[in-house]
Amino acid sequence: GGCCPGASRNRFAYNGAGQVRIRAGLPIYECNSRCRCGADCANRVVQRGICYDLCIFRTADGRGWGVRTLQRIRSHSFVMEYVGEIITSEEAERRGQVYDRQGATYLFDLDYVEDVYTVDAAHYGNISHFVNHSCDPNLQVYNVFIENLDQRLPRIALFATRAIRAGEELTFDYNMHVDPVDAESSHMDSNFGRAAAGLGGSPRTRPRVECRCGAASCRKYLF
């Protein structure tokens, strides 16, 4: 029908309701400005932006700020994109040392195929800047490609792993690892380079930091 699923091996990432239906680790290729389809195409989801009412709140257990949803989110629905300034890994290393001294950093390595670029949400970003870690998260990271097909520069989209009730805090795993399901998905063995407020140190020098997510499956340490 004029859409472009060919880049994703003739398989659409979404069902008719806009819910992701491919396994975590596989890339998502959305339709773009060169496609003949319209804005209501089912293969245009992340590019439409946030569709749920979300709010920032202060946590009561010392984890700083957090994000909760004000309405129920359907399972496998797109929730938000992790947005920030795209910088080189070398610049990220330099900024990371500065952020370490300040006790906060928001660096997300774009290592889908190789570690060349990083997203820095410290100064430019959206509500994803405030999403906390959990060892049992309700959001999953996917690599998305729309106008740009450079595999070194995926867009980072967060989808619901399950139905999320109104008022529930949104979280994702800062140390997410996706088990390879095929050669392509093995690209995504993500090392999330983001540390919440108060967690200093670069990935190579950071001391062990206790995790306070409170999940029954908590790994006890964040890094």
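A salt bridge is taken here as a side-chain nitrogen of Lys or Arg lying within 4 Å of a carboxyl oxygen of Asp or Glu, and by this rule the count comes to 11 salt bridges. The structure is a predicted model, in which local features need a pLDDT of at least 70 and side-chain atom pairs count only at pLDDT 80 or more, whereas totals for chains, interfaces and linings use all residues. Residues are numbered from 1 along each chain as its sequence is written, and side-chain values use heavy atoms, with hydrogens and water left out.

The pLDDT, which is the predictor's confidence in each residue on a scale from 0 to 100, has a mean of 83 over the protein chain, and 79% of the residues reach 70 or more. Over residues 183–191 the pLDDT is below 50, although this stretch has 30 contacts in the model beyond near neighbours in sequence, a contact meaning heavy atoms within 4.5 Å. For residues 193–205, too, pLDDT stays under 50, and the model has 39 contacts for them beyond four places in sequence.

Helices (H or I, at least four residues) and strands (E, at least two) are DSSP runs numbered from the N terminus, and the protein chain holds 1 helix and 12 strands, which follow one another in the pattern β-β-β-β-β-α-β-β-β-β-β-β-β. Of the 223 residues in the protein chain, 52% are buried, where buried means under 20% relative accessible area, exposed means over 50% and partly exposed lies in between (1.4 Å probe, protein chains only). Among contacts with a separation of 6 or more, 66% join residues 24 or more positions apart.

Helix H1 (residues 89–102) has 14 residues, which at 1.5 Å a residue should span 20 Å, and its end C-alpha atoms are 19 Å apart, which agrees; the expected span is 1.5 Å times one less than the number of residues. The buried residues of H1 are Ser 89, Ala 92, Arg 95, Gly 96 and Tyr 99.

Within this helix, Glu 91 takes part in two of the pairings described here. The side chains of Arg 94 and Glu 91 meet in a salt bridge at 2.6 Å from N to O, and these two residues are 3 residues apart in H1, about one turn of the helix. Glu 91 also forms a salt bridge with Arg 95, the closest N and O atoms being 2.8 Å apart, and because they are 4 residues apart in H1, Glu 91 and Arg 95 are separated by about one helical turn. An α-helix has 3.6 residues a turn, so residues three or four places apart point the same way. Arg 94, at 46% relative accessibility, is partly exposed, whereas Arg 95, at 15%, counts as buried. Glu 85, Glu 91, Arg 94, Arg 95 and Asp 120 are linked in a network of salt bridges.

An unreviewed UniProt entry places the feature "binding site" at Cys 4, Cys 31 and Cys 35; UniProt positions follow the numbering used here, feature names are shortened, and annotations may be inferred rather than shown by experiment. Cys 31 lies in the loop between strand E1 (28–29) and strand E2 (54–58), and Cys 35 lies in the loop between E1 and E2. Cys 31 is buried, with a relative accessible area of 0%, and Cys 35 counts as buried at 15%.
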